[in-house]
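Please keep the sequence and the structure in view while reading.

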Amino acid sequence: MRGCLCEAEFTSYRRADSAALAGRIADFFSYRYPDSQRDKIRAVVHDGRVEKGMPPFPGLTIPQVNDVIAFIRDQTRQLNAKPGGRRGVDVADLQTGNVEQGKAYFNGPGKCSSCHSPTGDLAGIATRREGLELEMQMLYPQNAKAKLTVITKSGETFTGTLTYKDEFHVAMTDSEGWSKSWPIRAVDYKIDSPSDAHIEQFEKYTDDDIHNLMAYLQTLR
């Protein structure tokens, strides 16, 4: 039970199909970190994977982290006791969606087509990634660069790739490769992050949505 409470703090979002989500988290960790590598799970939970969007949880005590690991293992045991597909991260489990429904979601309620194109940035995506790697990229894009627009007090506008931001400064690299930075209080600025739309989808996805999207993306060869 303690593991369930810690998992509520540890997990930063919820989907409507929370049982399936818990199972996918459990199976993902079991896939990457078998029982013999418990210390690696502790390190991932404690230090996070900031470059992939997972924040660190340094405030969790060792007993709490152990509870999270126990919860993950318990979810894995429960899932392994159930028949049927769609409970793992093997390629076969991730190829069970409906292509046409995935395409409809891509162009419709998912609003994926507002930023992506099957003949543009996603052309050939299924030849570059498959299975879990493709799903991870779909759910939370790695190395997605945010656009920064800065307007100075004199009215000058600068645009470029966001390279740094804290509570005092914001910085970019412009199209010519020059680095620029400003005190936040001295300018107006806007950040357009392509990952934000993916994060917003976390609470909207159903298990079918994810599998259908995966089925559609796997046709883009």
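Asp 209 is found in helix α9, where helices (H or I, at least four residues) and strands (E, at least two) are DSSP runs numbered from the N terminus. With a relative accessible area of 16%, Asp 209 is buried; buried means under 20% relative accessible area, exposed over 50%, and partly exposed in between, using a 1.4 Å probe and protein chains only. When neighbours within four places in sequence are left aside, Asp 209 is in contact with Tyr 105 and Lys 204, contact meaning heavy atoms within 4.5 Å. This is a predicted model, in which local features need pLDDT of at least 70 and side-chain atom pairs count only at pLDDT 80 or more, while totals for chains, interfaces and linings use all residues. Residues are numbered from 1 along each chain as its sequence is written, and side-chain values use heavy atoms, with hydrogens and water left out.

The helix that holds Asp 209 is mostly covered, since 10 of the 11 residues of α9 are buried. Besides Asp 209, the buried residues of α9 include Asp 207, Ile 210, His 211, Asn 212 and Leu 213. Met 214, Ala 215, Tyr 216 and Leu 217 are also among them. Helix α7 is likewise mostly covered, with 7 of its 9 residues buried. In α7 these are Gly 131, Leu 132, Leu 134, Glu 135, Gln 137, Met 138 and Leu 139.

How do these two helices meet? The axes of α7 (residues 131-139) and α9 (residues 207-217) come within 11 Å and cross at roughly 110°. The axes are lines fitted to C-alpha atoms, for helices over the stretch in contact, and the angles run from 0 to 180 degrees between N-to-C directions. The crossing of α7 with α9 is right-handed: the near helix is turned clockwise from the far one by less than a right angle, and a left-handed crossing has it turned anticlockwise. On the α7 side, Gly 131, Leu 134, Glu 135, Met 138 and Leu 139 take part, and they meet Ile 210, Leu 213, Met 214 and Leu 217 of α9. These contact residues divide into 7 nonpolar, 1 polar and 1 charged. Here Ala, Val, Leu, Ile, Met, Phe, Trp, Tyr, Cys and Pro count as nonpolar, Asp, Glu, Lys and Arg as charged, and the others, Gly among them, as polar.

Met 138 lies in helix α7 and counts as buried because its relative accessibility is 9%. Not counting residues up to four places away in sequence, Met 138 touches His 198, Tyr 205, Ile 210, Leu 213, Met 214 and Leu 217. Met 138 and Ile 210 are 72 residues apart along the chain, yet their C-alpha atoms are separated by 9.0 Å.

The largest nonpolar core has 17 residues, of which Met 138, Tyr 205 and Leu 213 touch the most other members. A nonpolar core is a set of buried Ala, Val, Leu, Ile, Met, Phe, Trp, Tyr and Cys residues joined through side-chain atoms within 4.5 Å. Helices α5 (99-107), α7 and α9 each supply at least two residues of this core, and α9 gives the most, with 5 residues. Apart from this core lies another, of 8 residues, among them Met 54, Phe 57, Leu 60 and Val 65.

Helix α8 (residues 194-201) contains Ser 195, which counts as buried at 7% relative accessibility. Ser 195 touches Tyr 140, Pro 141 and Ala 144, not counting residues up to four places away in sequence.

Two loop residues complete the local picture. Thr 61 sits in the loop between α3 (38-47) and α4 (62-80) and is partly exposed, with a relative accessible area of 39%. Lys 111 is placed in the loop between α5 and α6 (125-128) and, at 60% relative accessibility, counts as exposed. Lys 111 has a positive phi of about 60° although it is not a glycine. Most residues other than glycine have a negative phi.

Overall, the chain has 9 helices and 5 strands, and buried residues make up 39% of its 221 residues.
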